[in-house]
Every structure is written in C-alpha cells, then in structure tokens.
Amino acid sequence: MKLPSLTFPLMMAVITLVFFSACKKDNKSGWSDEDWTFYHNVIALQDTAAVKWTNWLQTMDSLEAVNELQQFFLSDPSVTSATIGSQGIAVQYSNGIRGGFFLNPQDDPGGDELNLEPEMMMPASNLIEKSLVKNKKVIFINPHSFDRGEYNQKIKNKYNEVLPKVGFTLKDEDIHNYLGADLKFFTQLSGYGIIHIYSHGMAWPDEEHIQEVYVMTGEIVSDDITEKYQDEIKSGEIIICNAHFGNAPYGKQYNDLYWISEKFIANKNDFSKDTVLFYGGFCYSMLGNWDQLYKKFAKGSYFGFDWVVRSTYCNNWFASLADSLCDTSAKIPYNAGKWILGPSIPKSYVDDLGKTVNIRCVGDSSLALWGDSIQIGAFYQGGIIFYIDGTGKHGLIVDSVDTFTNAPWGCQGTSIQGTSTALGTGLANTIAIINECDETGIAARVCYDLVLNGYSDWFLPSRDELKELYLQRNVLGGFIAGFYYSSSEYDED
C-alpha cells in the first residue's frame, strides 16, 4: 500500500575543587562525622597521589611510577587493596568507598582513519520487525568530549543526518558534554527511545578479574553531590576515581570525578514502560553486568563491547547501525539482530595485543526504529501519517520537519486555473501551478522537486489538507504561530 505524501515550505522564524568545611555536615539522612572525615581523607589522599605521580614521571619510567603509586596507596591505613590494571589503579577503602587512579583510557584511535560512512547491508526480504522504538527522543552523553572532540561532532552530525528519516531529532538540551554530563542526567534516562553514552569505561579492579565496569561522568567531586549520593558511594554504585589526563580542560591534569556502575542507572531510572535502544559506547560495556541492563526495559536492545574498544570502531559501528536502522528506502525495516549478523561491515577486530574485540547485542533482536504501523502520528514511508480515509487504505503523510524557503507562492500576475481546496487534491494543485509557472523557486516547485528520506512524491497541500494538519497539531507537533502555504489559489476579489 502506498500513501501519497506531502510537505510544505515555511518561514521559521578538571579543576578539582574540594572544600573542607570547618562546620559539621547536616547528617539528616546518612553519614556520620566520622564518615565525612574518612571521605575527605580519601579525596586528599588521591589528590596527593596525583601530585606525586606527576613528580615521579619526571625521574622514572611509567612502570616504576605505577609501582610507586601502588605502594603509596597501600601505605595508608584506610586502604585495604590497590590493584594495578592496564588502565590504572583500583583502590578499595576500608569503609566501603571505592576510588583509584585512571591513567590510560585505552581507546586511542591507533592511526585508524575516521570513517562514519560505512557500507550497509540491505534488509533481508523475510525481515519483519516486532518491536518498535516509539519514544522519538534521543539523549547523547559524552563526558570526555574534550579529548575526542572530532568524534563528538561527527556523531551529532550523523544523528542529525539520519534520525529525521524515522521521526527522531537530537535536541541541544539532550546533548550532555563534559561540563554538563552531571550525575543527574544519568538518572533522567527513562522516556528516551535512544540512549547513547560515549565515555571512558574502567574495569574494576582490573581487566583480568572484572567484578564491575564503571563509566566516567563529567561531574567533579563536591561535598554537595556526595551528600546527595551517600548510599550509592558506600555501596559501590558510584566510585570516586581520579582521572589523570594530560590535556584535561579543567585547569589541571588530575580530576576527582564520579564514576557509575550499571546498578546506578538501573536503580535511578524506571524503564518499565520504555522500548529502548541503548548504545554503550565505552570500554568493557558488555561486561560487569552491563549486559543485564536490558532486562530493566519494557522492551529493547543493548549494544556494547566485550573488551577495550578503539574510538574509531566504536563510532564506525554506531554510524553503520544508525544508517541501517534509519534506512526508510528499504521495503522492510532493518532491525538490531539483522545488523549484528550482517556481513558487510565486520563486527569484530583484532587489537594490537592479539585480542579479538566484538560488538554484541543483547535483548530484543527484532528492535526497529520505524515500521508499518498505520495510524495517525506513526512514521511511515519517509514522513508522519496525519490523515487516513474511511477505508483505512489511503491517507496523507507530512514531513517531520518544516521545509523552509523564501519562495513565492506562484508566478507574479498569473492566475492558476482549476486548483481545489478539497482533501486529496494537493498533488493535482501542485502540478497545475508548476505547469503554469516556469520559475524554479516557487513553493510548489520546491515541494514537487524535493527528495527526502528516500521518497520523491512530496507536494504542496491543498487548503483542507493543511486544515487537517492543523487539527492534528497535538499529535504531529512542530507548528509555529505563523503562515503556511497551501496549493489552493485564493482570489482577493
């Protein structure tokens, strides 16, 4: 079944700051004075370690400096263990707090050329999607955009390129970079259809004995935030880890930041009504129980990596997934499972140490971003359905984004014969205007020549079609208080 579609033009209109208070904290809900003293000592110990680390690197090689760092932590009576891993040192403190020193993200591109336009495999003819992401909202959290800025921008560009095809948009208020990737945003993920966390992941306590994987947030440690999340810090859902970056933007090279486990996200968000596509764009994101996160969704899929992942692969895989799931030119929607099994772009690579790194998907393999659901407001054949006739077999589609142009309605001084105001006449009206006017920049021509989301059958709506659009404005959204063109000629006399 083919629904005629339309569009219309429109004028649219880390500095670590740790404050030691002389007064006692108000402990209405948790920590004692002894707890706060212990916590402040942890921060002071890790900041001292950061200074010593910088000094040791002046006279020692990095291996010697790491060993000295480990011994420094172990010499403190509050430390029960300090485990050296390939990413740094994981420190367990005697009162339950976890912390440490993050030295090596291990996601260096390694000379690979950045390519966000990989080849796609077209959907198989027998593919029928069963699970559809209906919340057309995306959240993108990137706490380390300062050292992966080129990827950050290209990821956003990719979203803005392909998401409108399936009715999604990435709004500025849903993009959280390093100075805005606070803990609170990791507690506000429910209600989003696509969740993309692009960050550093740390294996705890090391990569050989992974108990948990923690994700770096952009929140610098402070007493106020610690007080809010006392229980989560004590239980190990949050750790306070010193991230030592040579090019950190915060004003100095070491920053005590909050890092979170999957338990923090699972406990702070209600996904029970959400169908979710969750892209874990960080190292070890399929380990440490992150592969169980999808069980909190009403339906959905979780994508992650079974080891350290290079940024180039992390983002090329994302780009291929986004391209495939948003390919509305296909007769049948692509889904998560078909993408994982698709052979055209490899889903694994061998790293410099001979380790095979895979991207994996758990959860609902039938998850798709668009489908053939015929109802008002559904995304279908490149646009949004806004009208269905009494037979249920025919209707009208509008583009999800207004087409803006300064174009005049028609040609100056020429009357168009035979335009109608009725539903279903917009295409005939558009053709009549084009036949009478040779100008290329008129509104009817802009719509008629438009190729959008894989479709080229757009036209300027008739008056009654435009009225129907207005009546469905609460479903469609995106209207402004302004003038819209129709293809029905109006006689001022």
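Helices (H or I, at least four residues) and strands (E, at least two) are DSSP runs, numbered from the N terminus. The views show a predicted model, in which local features need pLDDT of at least 70 and side-chain atom pairs count only at pLDDT 80 or more, while totals for chains, interfaces and linings use all residues. Residues are numbered from 1 along each chain as its sequence is written, and side-chain values use heavy atoms, with hydrogens and water left out.

View A. Ile-431 lies in helix H9, which spans residues 426-436. This residue is partly exposed, with a relative accessible area of 33%, where partly exposed means between buried (under 20%) and exposed (over 50%), using a 1.4 Å probe and protein chains only.

**View B. Strand S13 and its covered faces.** In strand S13 (residues 275-281), seven of seven residues are buried. In a regular strand the side chains alternate between the two faces of the sheet. Thr-275, Leu-277, Tyr-279 and Gly-281 are buried on one side of S13, and Val-276, Phe-278 and Gly-280 are buried on the other.

**View C. The neighbours of S13.** Two strands pair if DSSP finds at least two bridges between them. Strand S8 (residues 194-198) pairs with S13 in the parallel sense over five bridges, and Ile-194 stands opposite Leu-277. Strand S14 (residues 299-305) also runs parallel to S13, joined by five bridges, and Lys-299 in S14 is the bridge partner of Thr-275.

**View D. The two sides of helix H11.** In helix H11 (residues 463-471), the buried residues are Glu-465, Leu-466, Glu-468 and Leu-469. Seen down the helix axis, these buried residues fall within an arc of 155°, so they line one face of H11; the arc is that of the directions from the helix axis to the C-beta atoms. Lys-467 and Leu-471 are exposed on the other side of H11.
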